[in-house]
Amino acid sequence: DYLEVNWDVTAAQKDGYPHFMIKEIHEQPTAITRTITPRIKDSLPYFEDDNIPDSFFEDISDITVVACGTAMYAGMVGKALLKNKFGIPVSVEIASEFRYEQPVLTDRSMVIFVSQSGETIDTLEALRLANKYTKKTLSIVNVKGSTIARESNYVLYTHAGPEIAVASTKAYTVQVASFYLIGCKLGLVSGRMTKEEAKTFIENLQEVPNLIESVITQAPEIEQLTKRMTNATNAFYIGRGLDYALSMEGALKLKEISYIHAEAYAAGELKHGTLALIVSGVPVIVLATQMDVYDKTVSNLQEVKAREAVVIAIGFEGDTSLEKYADHVIYIPRTDKYLAPLMAVLPLQLLAYYAALTRGCDV
Ligand code: M6R
């Protein structure tokens with residue numbers, strides 16, 4: 001037996017970019033295309049080449065997503081999708097907690113493990129525990145032949161190529177993209193989604209790589225914006241629904257490489273104490289892509305603005321009303337509300353990268 005590793009040496013070089021992180025940010029459209037294309041046939045999710053039968057997705061009572069860090073935050077977006085679009089009970093567990101707790105799983109529980117490396121020990125031990133309860137374990141892994149991939153019942157490899165930067169970027173987007181494919185398959189198999197709905201959703205997903213390119217072209221403006229963050233010691237990321245799920249990854253990225261303390265908050269929760277920390281000059285990144293809660297988010301934006309925060313809003317193109325309240329607005333192309341995180345994550349990654357550079361940190 002042999003295992004073919006389809007990475008070559010050029011993928012592990014900086015290719016003219018100053019840092020691996022920015023190179024990998026730029027690689028995201030290609031990484032998403034490579035991850036989703038082999039899993040789409042006639043605009044529908046297709047896992048036959050991964051040897052995952054449809055029966056694996058049948059009769060699921062609940063889903064638990066287990067992972068660490070960025071991979072866990074990708075799971076947060078997956079949860080918001082699976083729960084809100086398909087009505088499936090989903091919980092996201094931190095692997096280092098899950099592995100020492102008493103799991104509440106049955107043989108109808110699906111447990112999804114997300115890991116770029118496929119070797120994170122807490123995630124691996126959590127998988128070994130879950131394997132005692134259910135045969136429905138699935139991993140979303142980037143490294144072929146890694147331990148988590150080998151020990152889960154099924155594996156969906158992401159095709160991001162090697163991620164060299166410690167700060168995950170492309171690994172996150174392909175993990176999120178994988179959740180959309182899984183969600184669609186679950187929706188179809190369970191009858192919660194029609195073929196027509198699935199096709200429209202998948203076709204929108206296929207558009208994402210092109211749309212991301214247009215977000216990346218805003219990098220110079222985003223770099224300028226980070227000058228407003230140079231002296232910050234605290235920053236906040238707020239949003240509702242999928243925007244909240246995404247804000248956790250945005251805050252982690254900023255903390256990790258710029259050493260600015262950052263917190264993600266469900267926008268509606270801010271007033272229950274934490275608003276006290278929003279004082280003059282504190283950067284608040286407001287994610288406003290979820291139209292069903294848009295007015296609520298904008299009212300939270302106004303609350304932080306009233307406390308003289310520096311507000312950077314992220315919204316859909318054409319939503320100029322945000323400019324009335326925010327200091328700066330970064331626009332992303334309009335898309336399906338569930339797909340918005342795949343695009344809104346780009347400005348968050350770029351903000352973190354340039355904030356780190358501006359502060360002289362070693363990216
Ligand atoms: O290899 P894994 O995805 O299992 O690693 C889990 C985390 O350590 C990782 O996602 C980490 O949070 C990111 N690299 C941070 O950017």
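Trainee: Is the crossing of H8 and H12 left-handed or right-handed?

Mentor: One reminder before we start: this is a predicted model. The crossing in which H8 passes H12 is right-handed.

Trainee: How do I describe such a pair in general?

Mentor: For two packed helices, give the angle between their axes and the distance between the axes. Here, helix H8 covers residues 195-216 and helix H12 covers residues 340-358. Their axes come within 9 Å and cross at roughly 20°. Angles under 35 degrees count as roughly parallel, so H8 and H12 are roughly parallel to each other.

Trainee: Which residues make the contact of H8 with H12?

Mentor: From H8 come Leu205, Val208, Leu211, Ile212, Val215 and Ile216. From H12 come Leu342, Met343, Leu346 and Pro347. Sort the residues of this contact by kind: 10 are nonpolar, none polar and none charged.

Trainee: At what angle do H2 and H8 pack?

Mentor: Helix H2, residues 28-36, packs with H8 at about 175°, and the axes are 9 Å apart. Angles over 145 count as roughly antiparallel, so H2 is roughly antiparallel to H8.

Trainee: Which residues of H2 and H8 meet?

Mentor: On the H2 side, look for Pro29, Ile32, Thr33 and Ile36. On the H8 side, find Leu205, Gln206, Val208, Pro209, Ile212, Glu213 and Ile216. The contact of H2 with H8 divides into 8 nonpolar, 2 polar and 1 charged.

Trainee: Now single residues. Why does Leu105 count as buried?

Mentor: Buried means under 20% relative accessible area. Leu105 has 11% relative accessibility, so Leu105 counts as buried. Find Leu105 in the loop between helix H4 (95-98) and strand E5 (109-115). Leave aside its neighbours within four places in sequence, and Leu105 is in contact with Thr64, Phe98, Val111, Ala130 and Tyr133.

Trainee: Is Gln302 buried, partly exposed or exposed?

Mentor: Gln302 has a relative accessible area of 35%, so Gln302 is partly exposed. Gln302 lies in helix H11, residues 294-306. Check sequence against space too: Gln302 and Tyr325 are 23 residues apart in sequence, and their C-alpha atoms are 6.4 Å apart.

Trainee: Last one. How many disulfides does the structure hold?

Mentor: A disulfide is a covalent bond between the sulfur atoms of two cysteines. This structure holds 0 disulfides. Cys184 is buried, with a relative accessible area of 0%. Cys361 counts as buried at 14% relative accessibility.

Note on methods:
Residues numbered from 1 in each chain as written. Predicted model: local features only at pLDDT ≥ 70, side-chain atom pairs only at ≥ 80, totals over all residues. Heavy atoms only, no water. Axes fitted to C-alpha atoms, helices over the stretch in contact; angles between N-to-C directions. Helix = DSSP H or I, 4+ residues; strand = E, 2+ residues; numbered from the N terminus. Parallel < 35°, antiparallel > 145°, perpendicular 65-115°, else oblique. Left-handed = near helix turned anticlockwise from the far one by under 90°. Contact = heavy atoms within 4.5 Å. Nonpolar A, V, L, I, M, F, W, Y, C, P; charged D, E, K, R; others polar. Buried < 20%, exposed > 50% of the residue type's maximum accessible area, 1.4 Å probe, protein only. Disulfide = S-S within 2.5 Å.
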